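Please look over the sequence and the fold shown below before reading on.

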Amino acid sequence: MTSFDRHISRRRLLSGAAALAGGGMLFGCAPGASRSTADLDYWHLMTGGDGIVMAGLVDAVNAANLGFHATQTVLAWGPPYYTKLAMASAGGRAPDVAIMHASRIAGYAPGGLLEPWDLDLLAEVGLKESDFPPLVWQKGMYDGKLYSIALDTHPFVLYYNTEHATKAGVTDALQTMKSPEEFTEVATKMQEVTGKHGVSYGYLGDGSQMWRLFYTFYRQLGAEMKLVPGQKAQVDEDAAVKALSFVQSLLDDKIASRSGDGGTATSEFLHGESGLFFGGVWELPVLKDAKMPVDARPIPTLFGTDAAYADSHTFVLPRQSKASPERRKHVYQLVAEILKRSVKWAGAGHIPAYQPVVRSPEYQELKPQSNYAGIPAYVNYDPDVWFGGAGSDFHKYFAENVQNVYLGSGDPAAGFEGFVKRLTVLLDRPQPV
């Protein structure tokens, strides 16, 4: 074993800092080196309904008596989770397998905090590239190697109240609208039925919510955003202004509240005070539990190009100073078995990444989940950059510059320019890996 393997290298410590990207620090005990090869440590950040479903999946795999037992460690979502995972990986004392958002791979893989998956071992447990949507599989790649295997895609979608849609006479239009004007017309008719708002959209104080809707429309305009360290952020300012101006036009206190937050928007939709709701698929269990007449579809293509914002929960192999080959094979089995059972995961709203499950009759019967199952074919993740991704400060930078635009008091061009300047400052700094 080399001194590089025996000690935490400066490179990996700096890489850990990159992976945190502004998050707070949380330290704890990492898995020890004396574990049995049949005992697997599995870290994830699934809580609430997602946590219950994940626990059920792991219990089902353990009950299959495949020669190993997986123990879950659930950590707080966001910076606490990614901080602890980075530090455990930097020290080579990480769990056997962990969940990571696809949008965080760019901050972990370059500095050696993750180990690549062995395609031959994946094939032995029945997993291959053709089992996954191409864009979803590609997001797990770095420098020609596969660093993450997607469990799901969880996009931003459009929910609608089917009873309100019928009263407003927009049921067909909801499936065919193809322009901002058509969407505004449908939303206005919904508002006439509810007497309050046509659309519920909560964003106040939540940069992620602001970004999800903006980036969906920005990409629908055919625009790209390339963030390359050492270079100025490459963006399409005209497309950004057009997307922001449209969002601003919806937030007029008639079509949608000018200053709604997430909780208010969800409550409003649940109580029938709006007909449409921009939200993540993770909102579905709450809507279903309320027994409301709800359906969902991808956010309609209003600017010519199919595009939808999403992230993915993925399985990763955190770096360990000494990995047991036998335990590693058990990890591959664990991941394969969870993926093959992931129709249960779809019950929480997520789109399974494993396509044999998506094609199964059991999944196709799930409504409204199967209505938006095509999104992975044109999914758009956050730009690959070391300071970005779920639980990082990237979305906060967007909010700092754009929230006043959404509130109606800011200029779209000036707001986006401020965001780009912030990105360029970060890109000008040496990537800490």
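In helix 11, the residues Gly207, Gln209, Met210, Trp211, Arg212, Leu213, Phe214, Tyr215, Thr216, Phe217, Tyr218 and Gln220 are buried, where buried means under 20% relative accessible area, exposed means over 50% and partly exposed lies in between, with a 1.4 Å probe and protein chains only. Helix 11 is thus mostly covered, with 12 of its 14 residues buried. Helices here are DSSP runs of H or I with at least four residues, strands are runs of E with at least two, and both are numbered from the N terminus. The model is a predicted one, in which local features need pLDDT of at least 70 and side-chain atom pairs count only at pLDDT 80 or more, while totals for chains, interfaces and linings use all residues. Residues are numbered from 1 along each chain as its sequence is written, and side-chain values use heavy atoms, with hydrogens and water left out.

From its first C-alpha to its last, helix 11 reaches 20 Å with its 14 residues, close to the 20 Å expected at 1.5 Å a residue; the expected span is 1.5 Å times one less than the number of residues. The axes of helix 11 (residues 207-220) and helix 19 come within 8 Å and cross at roughly 75°, where axes are lines fitted to C-alpha atoms, for helices over the stretch in contact, and angles run from 0 to 180 degrees between N-to-C directions. Helix 11 and helix 19 are therefore roughly perpendicular to each other, a term for angles of 65 to 115 degrees, whereas those under 35 count as roughly parallel, those over 145 as roughly antiparallel and the rest as oblique. On the side of helix 11 the contact is made by Gly207, Ser208, Met210, Trp211 and Phe214, and on the side of helix 19 by Phe394, His395, Phe398, Ala399, Gln403 and Tyr406, with contact meaning heavy atoms within 4.5 Å. By class, the residues of this contact of helix 11 with helix 19 divide into seven nonpolar, four polar and no charged; Ala, Val, Leu, Ile, Met, Phe, Trp, Tyr, Cys and Pro count as nonpolar, Asp, Glu, Lys and Arg as charged, and the others, Gly among them, as polar.

Helix 19 (residues 394-407) also packs against helix 12 (residues 237-250), at an angle of about 50° and with the axes 9 Å apart. That angle makes helix 12 oblique to helix 19. Leu244, Val247 and Gln248 of helix 12 meet Phe398, Val402, Val405 and Tyr406 of helix 19 in this contact, which has six nonpolar residues, one polar residue and no charged ones.

Helix 12 is also among the elements that cover the buried residues of helix 10, and these elements include strand 8 (152-161), helix 8, helix 9 (171-176), strand 9 (199-200) and strand 10 (276-280) as well. Which residues of helix 10 are buried? They are Pro180, Phe183, Val186, Ala187, Met190, Gln191 and Thr194. Seen down the axis of helix 10, these buried residues fall within an arc of 145°, so they line one face of the helix; the arc is that of the directions from the helix axis to the C-beta atoms. On the other side of helix 10, Glu181 and Glu192 are exposed. After helix 10 comes Gly195, with a positive phi near 80°.

Helix 8 (residues 162-168) contains Lys167, which is exposed, with a relative accessible area of 63%. Between the C-alpha atoms of Lys167 and Leu40, 127 residues apart along the chain, the separation is 54 Å. Leu121 and Lys329, by contrast, are 208 residues apart in sequence and 7.4 Å apart in space, C-alpha to C-alpha. Leu121 is found in helix 6 (residues 119-124) and is buried, with a relative accessible area of 19%. Not counting residues up to four places away in sequence, Leu121 touches Lys329 and Tyr332.

Most residues other than glycine have a negative phi, and most peptide bonds are trans. Asn65, in the loop between helix 3 (48-63) and strand 2 (69-74), has a positive phi near 55° and counts as exposed at 67% relative accessibility. Asp143, in the loop between strand 5 (141-142) and strand 6 (145-146), has a positive phi of about 55° although it is not a glycine. A cis peptide bond, with omega about 5°, joins Lys367 and Pro368, and Pro368 is found in the loop between helix 18 (361-364) and strand 15 (379-380).
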